[in-house]
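I opened my notebook to record what I looked up, one topic to an entry. The structure comes first, and my entries follow.

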Amino acid sequence: MARALINVPAKAKRGDLIEIKALISHEMETGFRPDSTGKLLPRDIITDFVCKYNGEEIFRAVLYPAISANPFFSFTTVATESGTISFEWSGDNGFAATETAKITVE
Amino acid sequence: MKTSDRNTSWASRRRFLIETAALAGTLGTGLPLSVRPASATAESMRAAIRKVVGDAPVKKGKVKLDMPPLIENGNAVAMTVSVDSPMTPDDYVEAIHVFTEKNPQPNVMEIHLGPRAGRASVATRIRLADSQKVTAIARMKDGSFWSDEIEVIVTLAACLEVF
């Protein structure tokens, strides 16, 4: 299981703009790099990243090999209600990872 | 010497210097040149952009692509794309696309946003295989496209290391 690092404020005021940061450990092998014998290493990347706030999609990214190893995204959302913010990554060779964070909105 | 002659000689001297510099740049990337895959050209970047925007015009402005102009390591380049938009249910940024000119593939990423984002700003880290132009295009709710581009210099290119 890939290691993921999530940064979501634990508490926020209703209507506040909050910043969300998500990083996951992944090689992001481009498919354009040759090994020592000159053969290209097959592509192995994360292709999709979705962030949901209480089940509703608030951010989605489609990734290409030009995204660096250990993909990192920082984005914002408006704190509307207490609940769960979930993160899902999926990619080549059946890669899948999920992570969640709780947020309390007052 | 007539003035026009002098101009010509300066022009050719300038061209010589530019070409020498370009050649040095090519040699500088060194050994892996022979095994390097074909890069996306300006042409394929245009094609990739056309695929996204169709025949719609792409206007300059509203989008701000932020990246250091001089990059030491092309393997992880911090990039921020922000779009000037109120992000209300009637007027928001639907998507942001980023393209490069000389990476092996022109597409870098596409981001889908909605009014719940509050602010249209995304930061990530990307790979750059060469000194080149990077373009960000935003699609608004009303279907219009806005763009920004930046010319960057990369001293250590990504995707070249051989192990």
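I began with one pair of residues and noted that A:Ala12 has A:Val105 of S8(A) as its bridge partner. These two belong to a parallel pairing, in which strand S2 (residues 11-12) of chain A is joined by 2 bridges to strand S8 (residues 95-105) of chain A. I wrote down that two strands count as paired if DSSP finds at least two bridges between them, and that strands (E, at least two residues) and helices (H or I, at least four) are DSSP runs numbered from the N terminus.

Before going on I noted that this is a predicted model, in which local features need pLDDT of at least 70 and side-chain atom pairs count only at pLDDT 80 or more, while totals for chains, interfaces and linings use all residues. Residues are numbered from 1 along each chain as its sequence is written, and chains are lettered from A and ligands numbered from 1 in the order in which they are written.

Next I followed S8(A) to its antiparallel partner, strand S7 (residues 83-91) of chain A, to which 9 bridges join it. Within S8(A), I found A:Lys102 as the bridge partner of A:Thr84. The hairpin of S7(A) and S8(A) has 3 residues between the strands, and A:Asn93 takes a positive phi near 55° there.

For chain A as a whole I counted 0 helices and 8 strands, and its C-alpha trace spans about 60 × 20 × 20 Å along the principal axes. Of its 106 residues, 32% are buried, where buried asks for 20 or more other C-beta atoms within 10 Å of a residue's own, the C-beta atoms being placed from the backbone.

How many residues does each chain give to the contact? I found 27 residues from chain A and 30 residues from chain B, with two residues in contact if their C-beta atoms, placed from the backbone, lie within 7 Å. On the side of chain A that touches chain B, S6(A) gives the largest share, 7 residues. I also saw that S6(A) pairs in the antiparallel sense with strand S7 (residues 120-126) of chain B over 2 bridges, and that A:Phe73 has B:Thr124 as its bridge partner in S7(B).

Last, I checked helix H2 (residues 42-53) of chain B, whose 12 residues should span 16 Å at 1.5 Å a residue, which agrees with the 16 Å between its end C-alpha atoms; the expected span is 1.5 Å times one less than the number of residues. Just after H2(B), I noted that B:Gly54 takes a positive phi of about 65°.

Terms used:
Buried ≥ 20, exposed ≤ 12 C-beta atoms within 10 Å, placed from the backbone.
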